[in-house]
Amino acid sequence: MAGRFASRPTRTTVRGGEVAVPVPRQAVRADTGRVRDWVPDGPLDLGLVLGPLRRGPGDPTFRTTPDGSVWRTALTPAGPGTLRVRASGGGVRGEAWGPGAEWLLERLPELLGAADDPSAFVPRHRLVAMTWHRRPGLRLTRSGLVLESLIPSILEQKVTTDEAYRAWRLLVRKFGEPAPGPVPVPMHVMPGPRTWALIPSWEWHRAGVDNKRASTILRAVRVAGRLEEAAGMEPGAARARLELVPGVGPWTSAETVQRSHGAADEVTTGDLHLPRIVGWALGGDRDADDSVMLELLEPYAGQRHRAARLVLLSGRVPGRRAPKMPRWDIGAL
């Protein structure tokens, strides 16, 4: 009965990185690939850690299965790969397939937050402290891959999340290659830079992507090598390099390095909803802007992104006072 009334993810908590990973009820598949076992040094919630890498429930690069596994695909420097992660005893087991398997397993600990230091975080608000207590398995993932977070972040510029998720889903399914390994459902690997560059204009249109966002992606993939080098930089320097690409601003660069670098202090500015959510949760101000949000997060200097995620995961949002942002399907024009 205890789990019967467990809260379900909302749009706000999902944005905070919450993904429901089923409690294992099925036998684990026997067709394993390359394997690595790793034991974290504290609580670890796979759904919270890997959730920010999912771009909507239909993301063809990310799946959870009834056996408690999280599956993801990635285009690594060594080639495409599929990774399956699941709890195993007191640790975590990763299995990988494809040319990128070794690369994915080598970086498995960082992907699961080994480079993150949650002990550096000190809650300064009751709401944050309560959420921190209820989510002890929160770690900040570090994918080590820039384009796989940059491109979907560009697709999310100035549109609803549903529109962005649809565009990502359609483009990856049509132009990405099938994922290697025994995937539970058809999955795909994100297209490489050259494939993105060769997508015809009408396919962007059919996916609902306007010319401004499509052009930004094309400019980014032309310098893909230089952008991927940013994975080895400090988050601030990485953001500066990303923002050299016309069309990539502070919002997009922050959303990217939060995932590629596990950047604990890179808070998203220029967002339509986040300042109001943080302002309402921490200061009772439903009309807060970026300056107010940053002032409220100042006590968390060095950990502002983690604090903002905990606010989102609390689920506390101001009541809606305006209609939802309209959806526009330019592909139907």
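Two strands count as paired here if DSSP finds at least two bridges between them. With that in mind, open the structure, which is a predicted model.

Start with the sheet. Select its five strands: the sheet is open, with antiparallel pairing, and the order across it is β1-β5-β4-β3-β2. β1 and β2 (62-64) are at the edges and have a single partner strand each, so one side of each lacks a neighbour in the sheet. From one strand to the next the twist averages 20°.

Next, select β5, residues 91-97. Six of its seven residues are buried, so the rest of the structure largely encloses this strand.

Now bring in β4, residues 79-88. Seven bridges link β4 and β5, again in the antiparallel sense. Two places to check along this pairing are T82, whose bridge partner in β5 is W97, and A87, whose partner in β5 is V92. Then go to the hairpin of β4 and β5: two residues lie between the strands, and G89 has a positive phi near 65°.

Colour the buried ones: among them are the arginines R304, R306 and R309, along with H305 and the leucines L310, L312 and L313. The last stop is G315, which follows α16 and has a positive phi near 80°.

Conventions. Residues numbered from 1 in each chain as written. Predicted model: local features only at pLDDT ≥ 70, side-chain atom pairs only at ≥ 80, totals over all residues. Heavy atoms only, no water. Buried < 20%, exposed > 50% of the residue type's maximum accessible area, 1.4 Å probe, protein only. Helix = DSSP H or I, 4+ residues; strand = E, 2+ residues; numbered from the N terminus. Axes fitted to C-alpha atoms, helices over the stretch in contact; angles between N-to-C directions.
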